Amino acid sequence: MRGVHDENQTFVPDSFIALYQDARQRLTASRESIAARYELCEDLANLLTDHCSTVHFRDGVDEGTVLSRCHQGLLAPPTTVEAPEAEWVVRRTAELLGWPGDLPLAT
């Protein structure tokens, strides 16, 4: 399945849709629910870019450590996102910053 648009024309990329597919590639949630979760996660990623950039440059913390700390923060109770979404948010944040997105994330 390729990225989908909901009726509001929100494009949901394949990388996010994959979080909601079972082994047979069937969606495990409604398209509307997936689109709403995507919008939340995309907003979080965009919000985290300034924070991550500031910590990296101001405090001299390497990119991997900054992203790992963000990941841990997203998983700390009370959580707003599920674990797979937290990983997606951090990797999307890295993408937006132009940082390596394949860094290992501590859990």
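Colleague: Is Phe16 buried or exposed in this predicted model?
Modeller: Buried means under 20% relative accessible area. Phe16 has a relative accessible area of 0%. Phe16 is therefore buried.

Colleague: Which kind of aromatic pair do Phe16 and Tyr38 form?
Modeller: The ring centres of Phe16 and Tyr38 are 5.5 Å apart, and their planes stand at 65°. Planes over 60 degrees apart count as edge-to-face. So the pair is edge-to-face.

Colleague: How many residues apart are Phe16 and Tyr38?
Modeller: Phe16 sits in helix 1, residues 14-17. Tyr38 sits in helix 2, residues 31-59. The pair links distant parts of the chain, 22 residues apart.

Colleague: Is Tyr38 buried or exposed?
Modeller: The cut-off for buried is under 20%. Tyr38 has 12% relative accessibility, so Tyr38 counts as buried.

Colleague: How many aromatic pairs does the whole structure hold, and what is the pair of Phe16 and Tyr20 like?
Modeller: A search of the whole structure gives 4 aromatic pairs. Phe16 and Tyr20 form an aromatic pair, 5.7 Å centre to centre. Their planes are at 45°, and the pair is tilted.

Colleague: Which residues form one aromatic cluster?
Modeller: Tyr20 is buried, at 13% relative accessible area. Tyr20 belongs to the cluster. Its members are Phe16, Tyr20, Tyr38 and Trp88.

Colleague: Which side chain does the side chain of Thr10 make a polar contact with?
Modeller: Thr10 lies in the loop between strand 1 (4-5) and strand 2 (11-12). Thr10 counts as buried, at 13% relative accessibility. At 2.8 Å, the partner of the Thr10 side chain in a polar contact is the side chain of Glu39.

Technical notes. Residues are numbered from 1 along each chain as its sequence is written. This is a predicted model: local features need pLDDT of at least 70, side-chain atom pairs count only at pLDDT 80 or more; totals for chains, interfaces and linings use all residues. Side-chain values use heavy atoms; hydrogens and water are left out. Helices (H or I, at least four residues) and strands (E, at least two) are DSSP runs, numbered from the N terminus. Buried means under 20% relative accessible area, exposed over 50%, partly exposed in between (1.4 Å probe, protein chains only). A polar contact is a pair of N or O atoms within 3.5 Å; within protein, one must be able to donate a hydrogen and the other to accept it, and residues adjacent in sequence count only if both atoms are side-chain atoms. Rings of Phe, Tyr and Trp (its six-membered ring) pair if their centres lie within 6.5 Å; planes under 30 degrees apart count as stacked, over 60 as edge-to-face and the rest as tilted.
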